[in-house]
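Trainee: I'm new to this one, could you walk me through it?
Mentor: Gladly, here it is, and then ask whatever you like.
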Amino acid sequence: MTTTPTRSFTLTEQELALLPDDDDVAFYAEHGWYLSKKLFTDQEVDRLVAASEDYYAGERSRTLPVRPPRLAAWQPSDGPVQRHNDYVHYESDPLAGLLRKPLIGAVAARLAGAAEIRVFQSTLILKPAVSGEPSNIVPWHFDKHYWSTCTSERMLTAFIPFHDCDEEMGTLTVVDGSHLWKETGRDDSMTKHFAERDKADLERVLAENAAYNGTEIRKVPLVIPKGHMSFHHCLTYHGSGPNRSPRPRRAVSFHLQDGGNEYRRFELSDGGVAAYNHDVLVRRLPDGRPDYADPAFCPVLWSADGSADHG
Ligand SMILES: [Fe+2]
């Protein structure tokens, strides 16, 4: 059985000064995104780069016990396309050791209004420095579409670039305030990952939803200095453009769940049931549902009561 040691969740005086203030929390509630202060030192970011290079070279602390059906798992033989690798917080202790910095969870807890934050997923991403590479373009979507099996609508994602990240590099671009939109035209194809979906169709979905809400589409490219990160709400539309810089764009998409999140059965119109990759990996709750609090795959990142001793 896998166990995690009791962790303590405390912040230094300097870290407390890096938390979002009340105005920041109100901004996030209104706009659906937030650009953090400098949460990682330059040295920590450089260690993320080094750990990611070791990961790409094949180093693993452990591997997944089974391969889930829709796993993002770039390997060198896939060539110079956009790289996506899920579960790096599970497979790489060096990456996990940096990503599980309590301060990140504390920031997320403030924004989400949650007492506890757990990891939901971590995806290591690299956009090669190939300006015309079609796979570098991430079309408009919001993350909750992939998380239909989650009860929470407060989940959020930290986008953590490993360097200064701007429009030239194809930084994350959010649609301001779109987390407050009512959704129209939803169909089951929305639960599919954007890589499996038609890109023109996703542009159409965004335009239709903006019109349905009687609002303009205001796209905000997030210019993120090294060590800073952005947070976006799970209902905020976002995407990203080509990498026109001479350097690879390196980042982690760190998907986070509030403590109350649980698995729910979500039926699709064809009679099938939505699934997330966790569902074949995590332990089961007494009633048989997948446990999205399994500490092996969904460790606690932050707890307001100062400690977490799950498992
Ligand atoms: Fe996303």
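Trainee: Which order do the strands of the open sheet have?
Mentor: In this open sheet of four strands the order is 5-10-7-8, and the pairing is antiparallel. Strands are DSSP runs of E with at least two residues, helices are runs of H or I with at least four, and both are numbered from the N terminus; two strands pair if DSSP finds at least two bridges between them. This is a predicted model, where local features need pLDDT of at least 70 and side-chain atom pairs count only at pLDDT 80 or more, while totals for chains, interfaces and linings use all residues. Residues are numbered from 1 along each chain as its sequence is written.

Trainee: Which strands stand at the edges?
Mentor: Strand 5 (138–141) and strand 8 (219–221) do, and each has a single partner strand, so one side of each is left without a neighbour in the sheet.

Trainee: How many bridges join strand 5 to strand 10?
Mentor: Two bridges join strand 5 to strand 10 (residues 238–240), and the two strands run antiparallel. Val-138 stands opposite Ser-240 in strand 10.

Trainee: Changing topic, how many helices and strands does the protein chain have?
Mentor: The protein chain has seven helices and 13 strands.

Trainee: And how much of it is buried?
Mentor: Of the 311 residues of the protein chain, 41% count as buried, meaning that 20 or more other C-beta atoms, placed from the backbone, lie within 10 Å of the residue's own.

Trainee: What does the C-alpha trace span?
Mentor: Along its principal axes, the C-alpha trace of the protein chain spans about 50 × 45 × 45 Å.

Methods:
Buried ≥ 20, exposed ≤ 12 C-beta atoms within 10 Å, placed from the backbone.
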